Amino acid sequence: AESGRGGAQLVLRVRVDGMDDDATAPLPSSPTARELRLAGPPARALGTLMSMFSVLKYALAERWRLCAVNQPPVETYKRIVGHLMREGGDPAARVAQLLGPAAPCSAGGAGSAVRLCYAPSAASPGCGLTEAAVAAELRALGLDGASVGDVLGCVHRVALRAAQPRACYGEAIYFGNLTRGADARAMRQLLHGAFAHNVWARACGSFADVGKGPGVGHATHAMGKQGGVLTLSLLPDSHASSLAHAAVLESYPSGYQEANAYANVLALSGYDVTDGGDGLVAGAGHPGMAVLVRIARNDETTRAELERLFARVAEVVGMN
């Protein structure tokens, strides 16, 4: 039997002792047709058959480097995290080295409270979020390419068009504490209000989700492979909301969070770790749209800056 894509398929006829079936029916005329006979009783045979298929599926997935549960981007970001952690040092420097000339696809300098980088998506083949598209949008609207709000607003406009004819939705993933303490709750509330509601529900006419990384990574990458989503990954330079908290968080796995934040953006932009020793390579995975926003820390000053940033993004999205 031939599949609709032209490749050979295995035709498997299962017979179970004790069940009425047409045992005389010939197998299909195919060199890949086989018969599997299971001893009864039928109730036990069915459980045996399903267990066999599960073992076979995972064995083939391991051999062929596939994801047995149909979530390839999930496995991709895990590989990239492992690669960045093994490389050691600074994930940001490693990514800048990887991207080379694409690294300037950013806004906000080293002294800015909020910095934006969309270089991974801009450098990835087949991704709709290109440097040329964002630059053209900035020129058409007469906006400032050094302004984080103007650039991020144009990124949203490009993403909305790139997803057509389907609707585009957004998501914000905060790689840090988004649960415990007043500052964490304030950041979650800000992302729900200023980002999900003001930018996506009001300005974009769509919706957005807010989650905490890296735990939300499984869900976001499973959905991200379907396309039509713009992911905003937020990473603080310091996970202490004040100097008083710095000693408490001395053992916090900052490098792990940083590696996950960068891996999130890289995986959704179509990067993967290859077997040929080349390390991270663009265009090896499913190309999506993702940006990285770095902030100094989650404190009142930075949250006020983010509030102004998302207000400007919503304003730019609504421009004619």
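1. Let me start with one side chain: Leu46 is found in helix α1. Helices here are DSSP runs of H or I with at least four residues, strands are E runs of at least two, and both are numbered from the N terminus. Leu46 is exposed, with a relative accessible area of 53%. For the cut-offs, buried means under 20% relative accessible area, exposed means over 50%, and partly exposed is in between, using a 1.4 Å probe and protein chains only. A word on the source: this is a predicted model, where local features need pLDDT of at least 70 and side-chain atom pairs count only at pLDDT 80 or more, while totals for chains, interfaces and linings use all residues. Residues are numbered from 1 along each chain as its sequence is written, and side-chain values use heavy atoms, with hydrogens and water left out.

2. Leu46 belongs to a nonpolar surface patch, together with Leu12, Val14, Met50, Phe53, Leu56, Leu60 and Trp64. The accessible area of the patch is about 730 Å² together, by the Shrake-Rupley method with a 1.4 Å probe, where for residues only the protein chains shown count as cover. Patch residues have over 30% relative accessible area and no salt bridge; like charges are joined within 9 Å, nonpolar side chains (Val, Leu, Ile, Met, Phe, Trp, Tyr) within 5 Å. A salt bridge here is a side-chain nitrogen of Lys or Arg within 4 Å of a carboxyl oxygen of Asp or Glu. Both β1 (11–16) and α1 (42–64) supply at least two residues of the patch, and α1 gives the most, with six.

3. Now the inside. In soluble globular proteins, nonpolar side chains tend to be buried together. The largest nonpolar core has 46 residues, and those touching the most other members are Leu129, Val134, Leu152, Val155, Leu191, Leu306 and Phe310. Helix α7 (residues 182–203) provides the largest share of this core, eight residues. There is also a second, separate core of 24 residues, including Val74, Leu84, Leu235 and Ala259. A core is a set of buried Ala, Val, Leu, Ile, Met, Phe, Trp, Tyr and Cys residues joined through side-chain atoms within 4.5 Å.

4. Which residues does Leu152 touch? Not counting residues up to four places away in sequence, Leu152 touches Leu116, Leu232, Val291, Leu309, Phe310 and Val313. Contact means heavy atoms within 4.5 Å.

5. Thr302 sits in helix α11 (residues 300–317) and is buried, at 4% relative accessible area. Leaving aside neighbours within four places in sequence, Thr302 is in contact with Ala113, Ile295, Ala296 and Arg297.

6. Tyr77, in helix α2 (residues 72–87), also counts as buried, at 8% relative accessibility. The C-alpha atoms of Tyr77 and Val265 are separated by 8.6 Å, though these residues are 188 apart along the chain.

7. On cysteines: the structure holds zero disulfides, a disulfide being a pair of cysteine sulfur atoms within 2.5 Å. Cys168 is buried, with a relative accessible area of 4%, and Cys204 counts as buried at 15%.

8. Finally, two cis peptide bonds to look at. The bond from Gln164 to Pro165 is cis, with omega near 10°, and Pro165 lies in the loop between α6 (148–162) and β5 (169–174). Gly213 and Pro214 are also joined by a cis peptide bond, with omega about 0°; Pro214 is in the loop between β6 (208–212) and α8 (217–224).
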